[in-house]
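Here is a friendly briefing to read alongside the structure. Have the viewer open, and follow the topics in order.

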Amino acid sequence: MTRRFLFVLGSARPDGNSALLARRAAEQLPPDVEQQWIDLTAHPLPEFEDLRHDSDHVRPTEGTTALLLDATLAATDLVIVSPLYWYAVSAQTKRYLDHWSGWLRTPGLDFKDTMAGRTLWGVTALAHEEPEVADPLVGTLNNSAAYMGMRFGGVLLGNGSKPGDVLSDTQALARAKTFFAQDAPLARFPYEAG
């Protein structure tokens, strides 16, 4: 399968620091690698309704939910681009991940089997000097990948608060040059590592 990257932008600010850092990393991808960028603010998902015990989910055929589902299924590499908001992913990003629960239960979709073996990556900007404060965000993405049987390439962290700040983080920009070139191991839950 030809590599196809889906960048899911979860910031409330257009062209925020997380997106700027993701674009720097994406510039390093070979020209034959397809890229699709979807901004969750420009394409908002409806609130997720948990129907798992009430009824079957129906595959969406139009609108933002269908766009994101189809793009997700087509991606070999899924990049969650979310600023660190209250030590976790943004609300838009969390809503997108919540929709995975519905897609898992959509008849004929085989969402989990389809996503197994693909790679989940993260890119985030945080306004904090200590990167450990992003551990909950990293854990959310790692554990989501582990549940789905995906590979996890880790999270590219950059520092920035005001628009454009991340472009002054020389260490993050240096890491961005090789971020997508690294080997992504199969994700494991923390209790499995040992």
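**Starting point: aspartate 98**

Aspartate 98 is partly exposed, at 24% relative accessible area; here buried means under 20% relative accessible area, exposed over 50%, and partly exposed in between, with a 1.4 Å probe and protein chains only. Please keep in mind that this is a predicted model, where local features need pLDDT of at least 70, side-chain atom pairs count only at pLDDT 80 or more, and totals for chains, interfaces and linings use all residues. Residues are numbered from 1 along each chain as its sequence is written, and side-chain values use heavy atoms, with hydrogens and water left out.

- Aspartate 98 belongs to helix H3; helices (H or I, at least four residues) and strands (E, at least two) are DSSP runs, numbered from the N terminus.
- Between aspartate 98 and tryptophan 121 there are 17 Å from C-alpha to C-alpha, and they stand 23 residues apart in sequence.

**The nonpolar cores**

- A nonpolar core is a set of buried Ala, Val, Leu, Ile, Met, Phe, Trp, Tyr and Cys residues joined through side-chain atoms within 4.5 Å.
- The largest one holds 36 residues, and those with the most contacts inside it are Leu6, Tyr96, Trp100, Trp103, Phe111, Leu120 and Leu141.
- Elements giving two or more residues to this core include the strands S1 (4–9), S3 (77–81), S4 (119–126) and S5 (151–159), together with the helices H2 (63–74), H3 (91–104), H4 (111–115) and H5 (135–148).
- H5 gives the most to this core, with 5 residues.
- Another core, of 22 residues, lies apart from it, and Ala19, Leu21, Val79 and Phe179 are among its members.
- Setting aside neighbours within four places in sequence, leucine 6 is in contact with Gln36, Ile38, Ala71, Thr72, Ala75, Asp77, Leu78, Val79 and Tyr96; contact means heavy atoms within 4.5 Å.

**Helix H2 and threonine 72**

- The 12 residues of H2 should span 16 Å at 1.5 Å a residue, and the end C-alpha atoms are 17 Å apart, which agrees; the expected span is 1.5 Å times one less than the number of residues in the helix.
- Buried residues of H2 are Thr64, Thr65, Ala66, Leu68, Leu69, Ala71, Thr72 and Leu73, and their cover includes S1, S2, S3, H3 and H4.
- Threonine 72, in helix H2, is buried, with a relative accessible area of 0%.
- The side chain of threonine 72 reaches the backbone oxygen of leucine 68 at 2.6 Å.
- Not counting residues up to four places away in sequence, threonine 72 touches Leu6, Leu78, Tyr96, Trp103, Phe111, Met115 and Arg118.

**Helix H1**

- H1 is largely enclosed by the rest of the structure, because 7 of its 10 residues are buried.
- Those buried residues are Asn17, Ser18, Ala19, Leu21, Ala22, Ala25 and Ala26.
- They pack against S1, strand S2 (34–39), S3, S4, S5 and helix H6 (170–176).

**Two loop residues with positive phi**

- Aspartate 15 sits in the loop between S1 and helix H1 (17–26), and its phi is near 50°, a positive value in a residue other than glycine.
- Aspartate 15 counts as exposed, at 53% relative accessibility.
- Tryptophan 86 lies in the loop between S3 and H3, with phi near 50°, again a positive value in a residue other than glycine.
- Tryptophan 86 is exposed, with a relative accessible area of 80%.

Methods. Polar contact = N/O pair within 3.5 Å; in protein donor to acceptor, adjacent residues only side chain to side chain.
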